[in-house]
Amino acid sequence: MNLEPSATAEKLQNELGAFIESHVRPAEARYRDEVAASGDSHFHPPVMEKLKREARARGLWNLFMPHERWGAGLSNLDYAPLCELMGRDPLTAEATNCAAPDTGNMEILATFGTPEQQDQWLVPLLEGEIRSCFAMTEPWVASSDATNLQSRIERDGDHYVVNAHKWWTSGAASERCKLAILLGVSNPDADPYHRQSMILVPFDAPGVSVTRTLPVFGHDAGGGHCETLYEDVRVPASNLLGEEGGGFAIAQARLGPGRIHHCMRAIGMAERALELMCQRAQQRTPFGKPLADQGVVQERIAESRIEIEQARLLVMKAAWLMDTVGNKGARFEIAAIKVVAARLATTVIDRAIQVFGGAGVSDDWPLAAMYVHARTLHLVDGPDEVHKQQIARRELRQYEHLRP
Ligand SMILES: Cc1cc2nc3c(=O)[nH]c(=O)nc-3n(C[C@H](O)[C@H](O)[C@H](O)COP(=O)(O)OP(=O)(O)OC[C@H]3O[C@@H](n4cnc5c(N)ncnc54)[C@H](O)[C@@H]3O)c2cc1C
């Protein structure tokens, strides 16, 4: 296994690190102030457009995109450390046009989109002019099993008619969200894995509405997470992404890289939490000595460092496998790292919050928001149990002959 970054990746790592130091971190307070002053927690603050211009001028743009025609063309292994840096300072992902859910949407548009679909949607997304959302999860069915989905996509002449009730659609509260990529049932009589299709729904199409945003532990920010309705929404038949009945396969293709990006960013979050924990431990002195001199705090710091190193190696292995044997060949490692990274981030951030005392759960520090995000990683893109089930089944298969 060769986990050595390429020369290009090393250069980009240094450049991204310098951009974060000189522009992103200093802009964090201004970002918060501009959103607060607007009175709208989903406001897109001007400082973000400034950051985007700067990132682009520095060549730090669309780094996630594996297709050279459309972006940086980096391998997963080369992108991993960049994505980790983005996790440390969350504004970086949007500033460099590498934010979810657009990244996954752009990847499937690049892979499965027709030239017309790419002109209409992929190009403005790559330019950072618009944003998009991914509408799969539904309120009334257990959506961790996509074969349960009930939304309908029905052919009517040269159109499709979409009737869907979705929730947890991230990014849909942003006024810049112009496109939903929606998964629904188009072929109800086919086998469970060929019933769904994926369709491009312009977000301003008649019949599309956002009924509410769903705060996460009371936090409701950025593009929001929304409950959305699609009532008799008519879109041209040419809006179908890929083939009719091919939606499940496209969703699977989208999830591979998406999952590992979440994991890389989670490791970045854990690194930032450890950094903050160490700084705070040196500064605060309850009972006459710095917290850093307390064995229990040292234990938390040491465990955090050990766990981060372990998780990073597993992420790198998964990335290397994706590059060498493909996403399918790497599926067990992707499943494993999805569980490990969520656990790592929640554990390390939780330890940091404890060392911070009351400040840790306030919004004066990034730890509370990071914890909220890390906790959701146990659920999004498949809950932990589904990934563990996949791994356990593979292990058990070797011993099937022992069953009575
Ligand atoms: C902050 C956030 C953002 C999100 N963004 C998006 C988005 O942009 N687009 C989108 O479509 N969705 C999004 N989701 C939805 C997310 O992907 C789903 O919540 C997730 O897939 C689980 O589906 P569900 O909520 O229907 O849970 P269910 O399917 O009802 O599962 C409930 C629980 O059952 C358990 N479970 C499930 N399967 C098994 C099993 N095999 N063995 C044992 N236990 C099991 C797990 O504990 C699971 O948490 C988001 C969710 C959150 C919280």
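Colleague: How far is a nitrogen atom of the ligand from an N or O atom in the side chain of Gln389?

Modeller: Bear in mind that this is a predicted model, where local features need pLDDT of at least 70, side-chain atom pairs count only at pLDDT 80 or more, and totals for chains, interfaces and linings use all residues. Residues are numbered from 1 along each chain as its sequence is written, and side-chain values use heavy atoms, with hydrogens and water left out. A polar contact here is a pair of N or O atoms within 3.5 Å. For the side chain of Gln389 and a nitrogen atom of the ligand, the distance is 3.2 Å.

Colleague: Which element gives the most residues to the shell around the ligand?

Modeller: Helices (H or I, at least four residues) and strands (E, at least two) are DSSP runs, numbered from the N terminus. Strand S3 (159-170) and helix H11 (384-397) are the elements that give two or more residues to that shell. The top contributor, with three residues, is H11.

Colleague: Is Arg351 buried or exposed?

Modeller: Arg351 sits in helix H9 (residues 331-356). Buried means under 20% relative accessible area, exposed over 50%, partly exposed in between (1.4 Å probe, protein chains only). Because its relative accessibility is 15%, Arg351 counts as buried.

Note on methods
Polar contact = N/O pair within 3.5 Å; in protein donor to acceptor, adjacent residues only side chain to side chain.
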